[in-house]
Amino acid sequence: MIQIFGTNKNFDCKAAQRFFKERRVPFQFIDLKEKEMSSGEFDSVLSALAKSEGSRAAAIETLTDTKSKDYSSIAYLDNSEKEEKLFENQSKLLKLPVCRNGKTEATVGMAQKVWEGWK
């Protein structure tokens, strides 16, 4: 099943939900302000992104919302510290929506081209 991690006030998260609804693709929306990703979920998203991005470090960069007002708190950390801070502050630092299809595929932001292949 497809999972969408995001917040109810984020326009891209609403657009992602609409995308899947219009195509009658079942999904589960998880509001990060109410319940953040578990360490296993976070790790599987990072691993899936690392496959497409080429490395875990690149996946961390992709996941990080550089426009967030809290970005300055992690901008100069090394990758292992960034990963820890991202996990601890998901609703503030992640680029949204984070969509996951099983444990092997994940996207960050609006990725309709990729989602079209998901069923």
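**Exercises on helices, cores and a pocket**

The buried residues of helix 2 are covered by elements including strand 1 (2–6), helix 3, helix 4 (79–88), helix 5 (90–93), strand 3 and strand 4. The model is a predicted one, in which local features need pLDDT of at least 70 and side-chain atom pairs count only at pLDDT 80 or more, while totals for chains, interfaces and linings use all residues. Residues are numbered from 1 along each chain as its sequence is written, and side-chain values use heavy atoms, with hydrogens and water left out.

**Exercise A.** Compare the span of helix 2 with its expected value, and identify the residues of helix 2 that are buried.

*Solution.* 
- Helices (H or I, at least four residues) and strands (E, at least two) are DSSP runs, numbered from the N terminus.
- Helix 2 has 15 residues and spans 20 Å from its first C-alpha to its last, close to the expected 21 Å at 1.5 Å a residue; the expected span is 1.5 Å times one less than the number of residues.
- Buried means under 20% relative accessible area, exposed over 50%, and partly exposed in between (1.4 Å probe, protein chains only).
- In helix 2, the buried residues are Glu41, Phe42, Ser44, Val45, Leu46, Ala48, Leu49 and Ala50.
- Gly54 follows helix 2 and has a positive phi, near 105°.

**Exercise B.** Determine which residues of helix 1 are buried and what covers them.

*Solution.* 
- Helix 1 (residues 11–22) has 12 residues and reaches 16 Å from its first C-alpha to its last, close to the 16 Å expected at 1.5 Å a residue.
- Cys13, Ala15, Ala16, Gln17, Phe19 and Phe20 are its buried residues.
- Their cover includes strand 1, strand 2 (27–31), strand 3 and helix 6 (112–115).

**Exercise C.** Which members of the largest nonpolar core touch the most other members?

*Solution.* 
- A nonpolar core is a set of buried Ala, Val, Leu, Ile, Met, Phe, Trp, Tyr and Cys residues joined through side-chain atoms within 4.5 Å.
- The largest such core has 24 residues, of which Met37, Leu63, Leu86 and Leu94 touch the most other members.
- Helix 2 (39–53), helix 3 (56–63) and strand 4 (105–108) each supply at least two residues of this core, and helix 2 gives the largest share, six residues.
- Another core, of 10 residues, lies apart from it and includes Ala16, Val25, Cys99 and Ala111.
- Contact means heavy atoms within 4.5 Å.
- Beyond its neighbours within four places in sequence, Leu86 is in contact with Phe42, Ile60, Leu63, Thr64, Ile74, Leu93 and Leu94.

**Exercise D.** Is Asn101 buried or exposed, and where does Lys95 lie?

*Solution.* 
- Asn101 lies in strand 3 (residues 98–101).
- The relative accessible area of Asn101 is 13%, so Asn101 is buried.
- Neighbours within four places in sequence aside, Asn101 is in contact with Met1, Ile2 and Trp118.
- Lys95 lies in the loop between helix 5 and strand 3.
- Lys95 counts as partly exposed because its relative accessibility is 33%.
- Not counting residues up to four places away in sequence, Lys95 touches Thr62, Leu63, Thr64, Asp65 and Val108.

*Solution.* 
- The lining consists of Thr7, Lys9, Asn10, Asp12, Lys33, Asp65, Ser91, Leu94, Lys95 and Leu96.
- Ala, Val, Leu, Ile, Met, Phe, Trp, Tyr, Cys and Pro count as nonpolar, Asp, Glu, Lys and Arg as charged, and the others, Gly among them, as polar.
- The lining therefore divides into two nonpolar, three polar and five charged residues.

Terms used. On a 1 Å grid over the protein atoms alone, a cavity is a set of points where a 1.4 Å probe fits but cannot get out, and a pocket is an open set with protein on both sides within 12 Å along at least five of seven lines; lining residues have an atom within 4 Å of a point.
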